[in-house]
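Please look through the structure shown here with the explanation below at hand.

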Amino acid sequence: MSQWLKLVARNAMRHRLRTVLTLAGLIAAILAFGVLQTIVAAWYAGVDSAVPSRLITRNAISFMAPLPVSYGKRIRAVEGVRNLTYVNWFGGIYKEPRNFFPQLAVDAETYFDVYQENLISTEARSAFLRDRRGAIVGRKLANRYGFEPGDVIQLKGTIYPGDWELVIQGIFDGRDPKTDTSQLIFRWDYLNETLRIRSRAQAELTGFFVVDVTSADRVAEVSHAIDSMFRNSSAETFTETERAFQIGFMKQTETILVAVRIVSFVVIFIILAVMANTMAMTARERLSEYATLKALGFGPGYVARLILGESVVIALVGGAIAIALTPLAAAHLGGLTATLFPSLSVSWSTVALQGISALAVGVLAALLPMRRAASIGIVDGLRSVG
Amino acid sequence: MPLLLAYSLRNLRVRKLTAALTAGGMALVVFVYAAVLMLDSGLRQTLVSTGDDANAILVRRSAEVEIQSMVDRHQAMIIESAPQVLTGADGMPLVSKEVVVLIALPRRGSEQLSNVLIRGVGPAALTVRPQVQITEGRMFRPGSSEVVIGGALSGRFEGVGVGTTIRFAQRDWQIVGRFDAGGSGFDSEIWGDSGQILQAFRRDAFSSVVVRLADRAGLDALKERLESDPRLTIEVKRERLFYEEQSRLLSSFIRVLGISLSALFSLGAVIGAAITMYAAVASRQREIGTLRALGFRRSSVLFSFLAEAILLALVGWAAGLCLASLMMMVKVTTLNWTTLSELAFQFTLTPAIVMQSLVFALAMGVIGGFLPAVRASRLKIVDALRAA
């Protein structure tokens, strides 16, 4: 056994340049694979962090159609509803269109009671309640633009015309790393009051209601109760769990996700071709050595194992280095795309997949050369000239 | 030189497995690269062809898409009477006052809802947009709860087809026809009478006004006239530009992601080529020595090895492009992040993509083959001839 290991190690190091190049290719591929898987996972982060006892009530027409804010009082009265807040997508431009981040007009009194994963200090919260133009920003967003409490910022409305001035009153943190802290929230009553003057048709409306249900078992019953209450009204509602709401949103961009997934597997095939090539070349050059080994009495299995061992060792070393580098690459990418992905953290399943694919590449690449080396006759082998 | 090229060609044939694997790796990279470019060009073609150069679209100032915009009836009337607007055969201005709403419809074979864009259009809509043709059934009758659907919609949504009814905004709408909009964004929309749509959704303002220009160059005059009118809070844009802007977000996402991935993947393929070529050089030392002894120059040897790498890359390019051209049969539907509605488009292969991928493949071959070729050309004749 130890002799076999020694031979494998020596063989792997014989063509340094070739081994190093193969390793470099492997590292790049497994790294790319890991990063792509992480991106796909990050896409679903909103789904994972959805609270099971939370319902979203929106207009049945589509999520772009608003609901009268007066529905809130009636929804609150439904049995099983513990708390409720309402949120309205604002969609403003901060300085330039490319500075995109979500801005939500929310009910200041109840928002932080429902969204308990957004942690905020008591002082900031009361300051927010005191100032009608107040706004609270997430930690990530604050870091990105250097927002600090007291700063005055201006947003240019796209859905709601005009310029909107807001005063930052505090910063909220996420309860866990998956919580999205790249948003800005401000007061719905400020929005509404201005709309009453500027654009009456858009006033007294909100995007959706966020309903906190007493227990996760009652969500079906409560959502049914809410929707039947507004059936045949001027604005019918559609209520679903936060998770379903997020999935619905994801599903529509699924094509792109599927493409990213497919591409992440293509890279494994690319590196498989490179690795198989390396092994085929190596085995071809050493045919006469294998024949010598056979002539000395080693069986075909031993020769095959030599090739397999070399291939797997190179693949695993490359895979291990790539796995070690993945979190670094993900963190770097996360810094660049802070607006798109709330969190880019490498999951254990990604690491496992990387390991498995490295191993698979090592084994598959060795198959053809193994067969050839094992089956070659001693005389032919001794005669061959690489 | 022809001799050396034949020599390279034969060498590739002798090492079939190795050559095939190297070219295969390159083919996959070319495939990813070309597929990304095809996806992007398909998306852009669809949205660019949605707009017409002879049309101007008017939306509320700073609204980027129609669903964000509002133009009330009074403003719409002022726009209609602008002199730069073309007049139709019946003496009426060729203007379509439109209202755009998103509705969620269940996709066929799943519970998932997708956003579909409903467009209420004016009576002149088909004249304003000549690329739209009714291919099945008939146009809706003005003032009725009838709609026509875009070609890309039929078959994608549960119970949406000519002759059926769909329910939204508390009304049943009869689908009386299907239109073809030449692969543009309208193919993913449902059209109805704007008066009826306004009423059903309880709105009293249009989303946009589309006007046919009497003269293509008249846009600036129209812009000048309407944007300086204090009664109006609108922005005038050429329709083609308006729709092209809607493709930017998704298009740049696809491009940035796709191109950085291809660059990363090409690293693997380049390494594969380099390994192959290094091995080729190492195992042919004696042959190289012989060639040099026969009087071939260093540069000839360099070129012959480089040619071999390029040949590999060409094979990879051809295979990858064939694979990618199969993608043209795939229809893609995805949410356009700018308009928030679903959009159907196809992978589109253009001559530019063929050239770009060729350059990309050649670059991979040259980069991968260069160092090994240099090594081959640097060998000393005596050492090379002595090599085992």
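R202(B) lies in the loop between helix 5 (194-200) and strand 10 (205-206) of chain B; helices (H or I, at least four residues) and strands (E, at least two) are DSSP runs numbered from the N terminus. The model is a predicted one, in which local features need pLDDT of at least 70 and side-chain atom pairs count only at pLDDT 80 or more, while totals for chains, interfaces and linings use all residues. Residues are numbered from 1 along each chain as its sequence is written, and chains are lettered from A and ligands numbered from 1 in the order in which they are written.

Most residues other than glycine have a negative phi. R202(B), not a glycine, has a positive phi near 55°. R202(B) counts as exposed because it has 11 C-beta neighbours inside 10 Å. A residue is exposed if 12 or fewer other C-beta atoms, placed from the backbone, lie within 10 Å of its own, buried if 20 or more do, and partly exposed in between. In chain A, E204(A) also has a positive phi, about 60°, without being a glycine. E204(A) sits in the loop between helix 8 (188-198) and strand 11 (205-206) of chain A. With 13 other C-beta atoms within 10 Å, E204(A) is partly exposed.

G72(A) belongs to helix 4 of chain A and is partly exposed, with 19 C-beta neighbours inside 10 Å. Apart from neighbours within four places in sequence, G72(A) is in contact with L84(A), Y86(A) and F209(A); contact requires C-beta atoms, placed from the backbone, within 7 Å. G72(A) and T206(A) are 134 residues apart in sequence, and their C-alpha atoms are 9.8 Å apart.

Helix 4 (71-76) is also among the elements covering the buried residues of helix 9 of chain A, as are strand 1 (54-59), strand 3 (81-89), strand 12 (208-213) and strand 13 (237-241). Which residues of helix 9 (residues 219-229) of chain A are buried? They are V219(A), V222(A), S223(A) and I226(A). These residues are on the same side of helix 9 of chain A because they cover an arc of only 95° around the axis, the arc being that of the directions from the helix axis to the C-beta atoms. H224(A) and S228(A), on the other side of helix 9 of chain A, are exposed.

Helix 11 of chain A packs against helix 14 (residues 348-375) of chain A at about 35°, with the axes 8 Å apart. Axes are lines fitted to C-alpha atoms, for helices over the stretch in contact, and angles run from 0 to 180 degrees between N-to-C directions. The residues of this contact divide into 15 nonpolar, one polar and one charged. Ala, Val, Leu, Ile, Met, Phe, Trp, Tyr, Cys and Pro count as nonpolar, Asp, Glu, Lys and Arg as charged, and the others, Gly among them, as polar.

The contact between the chains takes 38 residues from chain A and 49 residues from chain B. Helix 11 of chain A gives the most to the side of chain A that touches chain B, with 15 residues. The axes of helix 11 (residues 254-285) of chain A and helix 2 (residues 16-50) of chain B come within 9 Å and cross at roughly 165°. Therefore helix 11 of chain A is roughly antiparallel to helix 2 of chain B, a term for angles over 145 degrees.

Technical notes. Angles under 35 degrees count as roughly parallel, over 145 as roughly antiparallel, 65 to 115 as roughly perpendicular and the rest as oblique. Two residues are in contact if their C-beta atoms, placed from the backbone, lie within 7 Å.
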